[in-house]
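Here's a quick briefing on a sheet, some ring pairs and a surface patch. Have a look at the model first.

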Amino acid sequence: MKLYFNSIAKYQKSPYLYPLYGLGELPQGFARLSAIYGGTYMLNKPFEGVTMGEDGNVNGVTSEGETAKCKIVVADPSYFPEKCTKAGQVVRAICLMQNPVPNTNNNQSSQIIIPQNQVGRKSDIYVLCVSSSHNVSAKDWYVALVSTTVETANPEAELEPGLRLLGPISEKFVSVSDLYVPTDDGKKDNIFVSASFDATTHFETTCEDIIKIYENIT
C-alpha cells in the first residue's frame with residue numbers, strides 16, 4: 001500500500017506505468033540506450049555456449065562458430081538450465097475482450113490483485129487489462145492477463161476468480177510455465193542468471209531481481 005500511494009503521489013493519475021505498443025518496448029528502449037554508450041547487438045543469433053578462462057570466469061559467448069568476448073554474462077534460465085532449479089509453475093490466461101473490465105468506470109486499463117485469503121489460496125491472483133489506448137490492440141478491443149502460481153492439478157480452474165471479473169471473453173489462451181530460480185549468485189564464474197517471470201503483473205518482483213543481479217555484479 002505504501003508503494004501504491006507513493007506512486008500515486010509521483011505519477012498523479014495512476015500508480016502504474018505501461019509502455020505504448022506493449023512490453024517489447026522495454027528491451028528496445030534498453031537497446032537504444034545501450035547503443036548510445038557503445039553497446040553492440042547480435043540479433044537473430046543462436047546461443048551455442050560460453051567459453052571460460054583459466055581463472056574459471058566466463059570470457060566469451062559463442063554463436064555460429066563466432067565468439068564474442070566478454071567479462072560478464074547476464075541471462076535468463078533458458079540459457080543456463082544447469083544453473084537453475086525448478087521452484088514451481090505459473091498459469092496464465094490471455095483474454096481478448098470487446099469490453100473494459102466491469103465496475104472499473106470504463107477505464108482503458110486496470111490492475112487488480114485478488115488477495116490469497118479472499119479466495120482460500122496460498123498465492124494471490126493477478127489481473128491486468130490494457131487496450132487500444134496503449135497501442136496493443138485494435139480499437140474497441142481489450143487484452144487482459146490473469147495469472148497465479150499453480151497450487152493444484154487443475155491450473156486453469158485456479159484462474160476462475162480472476163476470469164469472472166472480466167465479463168464476456170471473446171477468446172482465451174491458457175498456458176502453464178515452469179518457474180526457475182538460479183542456484184547461485186553468479187559471482188564464482190561471472191554468469192548471472194535471473195529468475196523466471198512469476199505470476200505478478202506489476203513487475204515489482206522482476207525489478208527486485210534486476211536490482212539483486214546488479215548488486216551481485218557490482
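What follows is a short tour by topic.

This is a predicted model, where local features need pLDDT of at least 70, side-chain atom pairs count only at pLDDT 80 or more, and totals for chains, interfaces and linings use all residues. Residues are numbered from 1 along each chain as its sequence is written, and side-chain values use heavy atoms, with hydrogens and water left out.

**The sheet**
- Three strands make an open, antiparallel sheet in the order β1-β2-β3; strands are DSSP runs of E with at least two residues, helices are runs of H or I with at least four, and both are numbered from the N terminus.
- β1 and β3 (66–69) are the edge strands, each pairing on one side only; two strands count as paired if DSSP finds at least two bridges between them.
- From one strand to the next, the twist averages 35 degrees, with axes fitted as lines to C-alpha atoms and angles running from 0 to 180 degrees between N-to-C directions.
- Four bridges join β1 to β2 (residues 58–63) in the antiparallel sense, and M52 sits opposite V58 in β2.

**Aromatic pairs**
- Searching the whole structure turns up three aromatic pairs; rings of Phe, Tyr and Trp (its six-membered ring) pair if their centres lie within 6.5 Å, and planes under 30 degrees apart count as stacked, over 60 as edge-to-face and the rest as tilted.
- F47 and F80 are edge-to-face, because their ring centres are 5.6 Å apart and their planes are at 65 degrees.
- F47 is in the loop between α2 and β1 and F80 is in the loop between β4 (73–75) and β5 (84–97), so this pair ties together parts 33 residues apart in sequence.
- F47 is partly exposed at 31% relative accessible area, whereas F80 is buried at 3%; buried means under 20%, exposed over 50% and partly exposed in between (1.4 Å probe, protein chains only).
- F197 and F203 are also edge-to-face, since their centres are 6.4 Å apart and their planes are at 85 degrees.
- F197 is exposed at 55%, and F203 is partly exposed at 27%.
- Ring pairs also link F47, Y79 and F80 into a cluster.

**The surface patch**
- F30, Y41 and L43 make a nonpolar surface patch with about 370 Å² of accessible area together (Shrake-Rupley method, 1.4 Å probe, with only the protein chains shown counting as cover for residues).
- Patch residues have over 30% relative accessible area and no salt bridge; nonpolar side chains (Val, Leu, Ile, Met, Phe, Trp, Tyr) are joined within 5 Å, like charges within 9 Å.
- A salt bridge puts a side-chain nitrogen of Lys or Arg within 4 Å of a carboxyl oxygen of Asp or Glu.
- Y41 is in the loop between α2 (25–36) and β1 (49–52), and counts as partly exposed at 40% relative accessibility.
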